[in-house]
Every structure is written in C-alpha cells, then in structure tokens.
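Here is a set of exercises to work through with the sequence and the model side by side. Have your viewer ready, try each task yourself, and then compare with the solution.

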Amino acid sequence: LFPAGPLVNAMAASAVVVPSGTAEAWVVWTPSYSVANAVAIPSGTGPVPPLAPLWSAAAITPALGVATAALVVTGRSRRLRATTVRRVPRHFFNLFGEPAPEQDPEDPGRVAVVGEYQNMPGQMVSAEQSDFGWATVQRHNASEQDGYWPEGVAGDGEVTQEWRELKLAKAPEGGGQPGPSDGKGQSVVKVSLRGNAAPVQVPYCMALGYAKSMCALAMTGAHLQGALPLDEDKMSCMRALVVGLGGGSIPVWLHHTFPKGKMIVDTVEIDPAVITTATELLGFPKRALRPGEVSAAAADAIGGAGGETLRLYPLGGEAFVEALAATGASDYKYDMVFIDAFDNAGKVPDAIIDPEGPFLKAMPALLAPKATVVLNLLVGMTGSGSSGGPQEIKAMASTIKAACCQPNGEVFSARTPINESSGNSLYGFLASGREGDRTGPLKEALMASAQAVNDGFPADSLGKKLRFEFERRVKFSYQDWKPAGAERNQGGFF
C-alpha cells in the first residue's frame, strides 16, 4: 500500500463506501488481474469520529505484468488509530489473522519461487538463430537444491540446480545477438548440473502455471471419461501427442509422472533452434530425438521407436499426424493431445486449426474414443490476445470440436490461476464426454474427477504423489463452452 500523497494514476480510479464505526478501510485493486479486495477494520473502543479521508492511488503499467493500484482511506490521525485499532497482520486474499497456507508446498515450481526468474534478466548461456529470429537461453539461481540426478547417468562431483529460461527474440536492428532483456519468455525449466555432464531436466518440476494446468485438464478429462483408471494394475499404456516443444517440460513431466510402461509421449517441434537449445541446454533427453523425414518418423512411431517411450520428432505437427494417418494403423491412437504451438504473431498456426488442413482432418483417425484434447491460447482477461478475439476463438473451438469430438462430446474452458499468469486461456475437448449421469454441471463433475486424480493417482518413481493441486486449475475462470448464440454458463473465477 502507498502512503497518502499526490501520486495518482487515472487507471486507478475507484470508489469505496466506508461503513460507520470504521477505523480503517483498505482497498487493493490489481487491474492486470481484475481482482479487487476490500476490508474495513472495526474500532475496538467504541464509535469513531467522522473520517477525514486522504486518498492516494498508484499504478504500474499493466504491460509490465505487475500493475497494482492502492486506495487508502485513513482516520484523522495515527494517534487515534493507534489507540482505537488493534493491529492485525494484513495479507493478500487473507487480510485478517494468519497468512493463508502456501499453495502446493511440495511443488518445486510453485508460485513462491517464481520471483527467482520471472521478469528478470539472467546470465546469457546461449543464443541460436531461430525461425523467430533468435532463441536464447538464460540462467537464474535457484534457492532450493534437492540434488536430483537420474540413476544410470554418468556425472562426477556435486549436483547443483538452476533455472534456465528459453526466450525467442527478434534480430536486433543493428545486427548482432539479442541481450538478456530482449525477447519473450517461452519456457522455464529447472536443470541439474554435475561436473562436465550435460544438463538434466528435473522431471517433476514444471515452472510455468499454464503447463501444469494443461496437464491437469488432460488427466482430469481422461479420468472423467473413464480412460484413466487410478489403479495401476488396471491402467493401460496411454499415448500423448504434444505439439510444440518449448523447453520440453510437459512431455518430460508426463513421462516421469505416469508409472513405467504406462505412457508414451510423441512430441513434435518444427524449429531446429528450439530443438537444439532444449536438448543441449535445457536438459531434454537427447536420446528422445527421432528421425526427421516424414514417412520415416511415422514408421518409427508406429514401430515402437526402438523402445523409447519419450520421443521428439523434428517436424511440424500437421506433417507428422498426416503421415501417421496415412499408414492406416488402426491401433495407434492418442489418449491426450496438447496443442501448444504458435507462429511469430502468437497465433495458433493455420495448419493446425484449418478445418480442411491436414492436422484436423487426421484427428478422427488418430484419437482414442475417450481422448482429451487441450488447447493453449494466448488470450488476456479481456477475452482477446495475440491468439485472437472472442469471435475467432469461438470459431476455432467449434472447428476443433467438430474434428475431435463425437456428437456427445463436451467442451469447456479455464484459465491459468491468476497468481501465476493472466495471459493463458485453455480449452478442454472431451471426445466422448462424461460417462454415466450428465444431469449435473460439467464443472462439478470435473472438480470431483480432479480431486480423485490428486488423491488416487499412483506415486512416481521417487515415491511422490502429484505435487500440485488439479481442482483449482480445472475450476479457475471455468466456463462451459456452447456454440455461438447458445446460452453460456459463466462459471466464474473460483
């Protein structure tokens, strides 16, 4: 909160009604998140003389991602407040009493540590020319060190860990390489380093909230449709397709989290610079890299990829799935599809969302009957963003539903929790929809399924259960999707 004074920003215009008998009133408004909180602290010793308000407001430009405005109404004097008000700690979203418990305390990529790399220039590790201009990797110190190093991987000496961030930057106008502050962050991973060994990505640490939410939506949707039993003995081997590599945290997390032999992940990435940085510097396993010729890649995937269950194909998603469908292999089906790909303008490539394009035309042949498809869009709280406006997004969702869902399929949207990101909107497509009774709201069914997955999904190879909560990711800013013109349920933030 800011002291009373002349610093006023027009963006912070607000009003507050102060109840009688109030000794202090506080309002915190965060424009970039569209969240407001207010509290009035009652007097502890009886009536309070009429307030002589002093108003102050401050804001930091939302473009910086940290827009904050504060409006303070105070009593006549500090002395009066000191004698009439019992001071209590004030905390965002929990302004009385003790601080709220930390969210996901077992998650090494939780919100509490994002300040170690978020919106901060790091030390440049590498710069590779990319289809976007440049792909750069920067390092940031990590305060938490757990010594993770996979069995069977050579390495000498002490294990240290750090954050590494992938950015895509335009070529500088004057030539040369971009600097640490240039470009847009694409992915953040935590890597383990040991002597001269190549970096190893920490597989149970997803730093970015949208990636966690994509996985939560996909696994929740799979369970709700009956495709993901929680008893390991009843769990068949599932397949996931990840379109867009980034730092590789989604495929690495899926491969680590599912019991051994229960998940095959095919990842496709078209940008050679992203592949190089991921495999050389971000700890994505080099052994995952598979053939790059289209027909050879399809044959490799269907043929078992030499026993590798985490695979990376250096191809565009549309070329890969078209080749897979052309083989006519009836038993090669995906249970989960993650669409996390963008062009230079931040839009999902036309080749992926064109109803007559190879990607969507191949989907009916490649999706399991109870598949879940999750789409990531760069869309702000206003409903618009670089991925498009409301009408474009409605058309996109309709097109994907038509290609990926059966007539009884269901579609919903959610957002990354607001304390993690305000720029990601996620769509979940349930190919067959819920099993059994559909009389209740889809949101309630998803929440129950998310809780069941958190409670019952088997522990990973390190003996750890799922490290972050699924339910709050499924329900945050939830909306039932309906075709244009149909009634739409505004599910709300919480």
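The exercises below concern a predicted model, and each task is followed by a worked solution.

**Exercise 1: The surroundings of M206**

Task: decide whether M206 is buried or exposed, and list which residues it touches beyond four places away in sequence.

Solution. First locate the residue: M206 sits in the loop between strand 8 (200-201) and helix 2 (209-224). Then apply the cut-off for buried, which is under 20% relative accessible area. M206 has 1% relative accessibility, so it counts as buried.

For the contacts, M206 touches D107, G109, A211, K212, C215, S249, I250, W253 and F468.

**Exercise 2: Positive phi**

Task: find where A305 and S477 lie in the chain, and state what phi each has.

Solution. Start from the background: most residues other than glycine have a negative phi. A305, which is not a glycine, has a positive phi of about 55°. A305 belongs to the loop between helix 5 (294-302) and strand 11. With a relative accessibility of 1%, A305 counts as buried.

S477 also has a positive phi, near 55°. Its place is the loop between helix 11 (471-475) and strand 16. At 15% relative accessibility, S477 counts as buried.

**Exercise 3: Salt bridges**

Task: count the salt bridges, taking 4 Å as the limit between a side-chain nitrogen of Lys or Arg and a carboxyl oxygen of Asp or Glu, and describe the pairs E144 with R110, E308 with R287, and R473 with E420.

Solution. The idea behind the search is that side chains of opposite charge can pair when their charged atoms come close. The count comes to 19 salt bridges.

- E144 and R110 meet at 2.4 Å, N to O. This pair links distant parts of the chain, 34 residues apart: E144 is in the loop between strand 5 (133-141) and strand 6 (159-169), and R110 is in the loop between helix 1 (78-84) and strand 4 (123-130). E144 is partly exposed at 29%, whereas R110 counts as buried at 11% relative accessibility.
- E308 and R287 meet at 3.7 Å, N to O. They are 21 residues apart, with E308 in the loop between helix 5 and strand 11 and R287 in the loop between helix 4 (272-280) and helix 5. R287 counts as exposed, at 54% relative accessibility.
- R473 and E420 meet at 2.8 Å, N to O. Here the separation is 53 residues: R473 is in helix 11, and E420 is in the loop between strand 14 (410-415) and strand 15 (424-430). Both R473 and E420 are buried. Salt bridges that share partners join D104, E420, R472 and R473 into one network.

**Exercise 4: Cysteines**

Task: state how many disulfides the model has, and classify C205 and C237 by accessibility.

Solution. The disulfide count is 0. C205 has a relative accessible area of 3% and is buried, while C237, at 37%, is partly exposed.

**Exercise 5: Two crossing helices**

Task: describe how helix 2 and helix 10 (residues 442-456) cross, and which residues make the contact.

Solution. The two axes come within 9 Å and cross at roughly 100°. Angles of 65 to 115 degrees count as roughly perpendicular, and helix 2 and helix 10 are therefore roughly perpendicular to each other. The contact is made by M219, T220, H223 and L224 on helix 2, and by L442, A445, L446, S449, A450, A452 and V453 on helix 10.

Notes:
Residues numbered from 1 in each chain as written. Predicted model: local features only at pLDDT ≥ 70, side-chain atom pairs only at ≥ 80, totals over all residues. Heavy atoms only, no water. Helix = DSSP H or I, 4+ residues; strand = E, 2+ residues; numbered from the N terminus. Buried < 20%, exposed > 50% of the residue type's maximum accessible area, 1.4 Å probe, protein only. Contact = heavy atoms within 4.5 Å. Disulfide = S-S within 2.5 Å. Axes fitted to C-alpha atoms, helices over the stretch in contact; angles between N-to-C directions. Parallel < 35°, antiparallel > 145°, perpendicular 65-115°, else oblique.
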